[in-house]
Amino acid sequence: MVREACSPPVAPTLPPARAAAAATSFARGDPVWYRDSAGEWHDGVVTYVDHEAALDGEGVGYAIRLSAQPDSERSTVAERLRPRRDAPKGREHGGPSRGDSSRSARQSARPKWRPPEWAKPAVMHTPILEMLVGGSVVKKMKIAKRPLTVIGRNGQVSDVVIEDGSLSRAHAVVINSSSSTFLQDLDSAHGTWIDVEGRANPVPQLGNRLSADGPPTKLEDGYTFRLGSCSKVFRVSGVRALAPDKWQPPPWAEPPQVKCLTLTLTLASSLGRAAAS
């Protein structure tokens with residue numbers, strides 16, 4: 001297991017309205033309403049408070065567990081939370097609307113992610129997971145012998161641990177097949193972003209966001225990817241399948257001796273004529 005810390009971005013000065021919202025603080029175990037990116041609200045409970053993390057420049061970071069998804073956690077900030085005792089109503093005022101319950105039901109009905117049947121150690125290529133900081137490779141990990149390599153912030157469920165509050169417990173997974181390597185988002189709260197141009201700039205969320213419901217994305221040499229709001233950049237090198245070597249005869253093999261073969265045929269012919277006479 002590899003553990004790395006990601007430096008949080010510098011928190012900017014908040015406007016008065018946003019500062020008032022961000023001033024609300026929560027403690028572990030507090031029941032809360034959580035507002036997702038679509039503006040819908042869900043009930044949950046605070047499971048962790050990170051006073052040193054500055055997620056997206058919003059200050060204190062929180063991890064919450066939604067009632068509809070008791071087996072997973074997601075990272076968030078105070079602006080997206082409201083004490084459940086406020087009993088907010090509607091989407092505008094911060095409460096679950098009639099459609100929210102059906103959305104939560106759909107989320108809870110989503111099957112737990114399982115590795116594809118074709119996941120296996122690499123055979124025809126030699127993938128290496130690389131982490132870049134400031135455009136330079138600072139860490140390397142050989143993953144050819146691993147069918148799966150999970151990246152996240154919880155060491156109990158992840159093989160590579162990044163200590164950053166914007167990452168989910170199990171955020172994304174690198175999947176090997178015998179000849180290719182793929183990347184899959186594990187329904188993370190802040191997303192997995194892939195950049196086919198291979199830019200190594202320490203800029204979060206650069207490229208296209210992967211869909212957790214879509215098939216794994218095949219990685220090509222040079223692709224980079226980013227997790228949540230972390231500025232660290234990841235890349236998998238050595239994903240191109242190696243061309244098979246041209247067959248060569250073993251060194252102990254010797255070409256046939258023509259003279260010996262001719263002598264053998266002549267002797268056989270002579271013996272045949274002698275037997276006929």
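Which residue in β8 does valine 133 stand opposite? Valine 133 stands opposite serine 136.

## Basis of the description

The model is predicted, so that local features need pLDDT of at least 70 and side-chain atom pairs count only at pLDDT 80 or more, while totals for chains, interfaces and linings use all residues. Residues are numbered from 1 along each chain as its sequence is written, and side-chain values use heavy atoms, with hydrogens and water left out.

Two strands pair if DSSP finds at least two bridges between them. The hairpin has two residues between its strands, and glycine 134 takes a positive phi near 65 degrees.

## The five-stranded sheet

An open sheet of five strands runs in the order β5-β4-β3-β2-β6 with antiparallel pairing, and its edge strands, β5 (74–77) and β6 (81–83), each pair on one side only. Within this sheet, β3 (residues 41–50) and β4 (residues 61–66) are joined in the antiparallel sense over six bridges, and glycine 44 has leucine 66 in β4 as its bridge partner.

Leaving aside neighbours within four places in sequence, phenylalanine 225 is in contact (heavy atoms within 4.5 Å) with residues including Leu129, Ile151, Trp193 and Val236.

## Aromatic pairs

The structure holds two aromatic pairs, defined by ring centres of Phe, Tyr and Trp (its six-membered ring) within 6.5 Å, with planes under 30 degrees apart counted as stacked, over 60 as edge-to-face and the rest as tilted. Tryptophan 118 and phenylalanine 182 form a tilted pair, 4.9 Å centre to centre with 55 degrees between the planes. This pair links distant parts of the chain, 64 residues apart, with tryptophan 118 in the loop between α2 (98–109) and β7 and phenylalanine 182 in strand β12 (residues 181–185).

Phenylalanine 225 and phenylalanine 234 form a stacked pair, 5.6 Å centre to centre with 20 degrees between the planes. Both phenylalanine 225 and phenylalanine 234 are buried, that is, under 20% relative accessible area, where exposed is over 50% and partly exposed lies in between (1.4 Å probe, protein chains only).

Note on methods: Helices (H or I, at least four residues) and strands (E, at least two) are DSSP runs, numbered from the N terminus.
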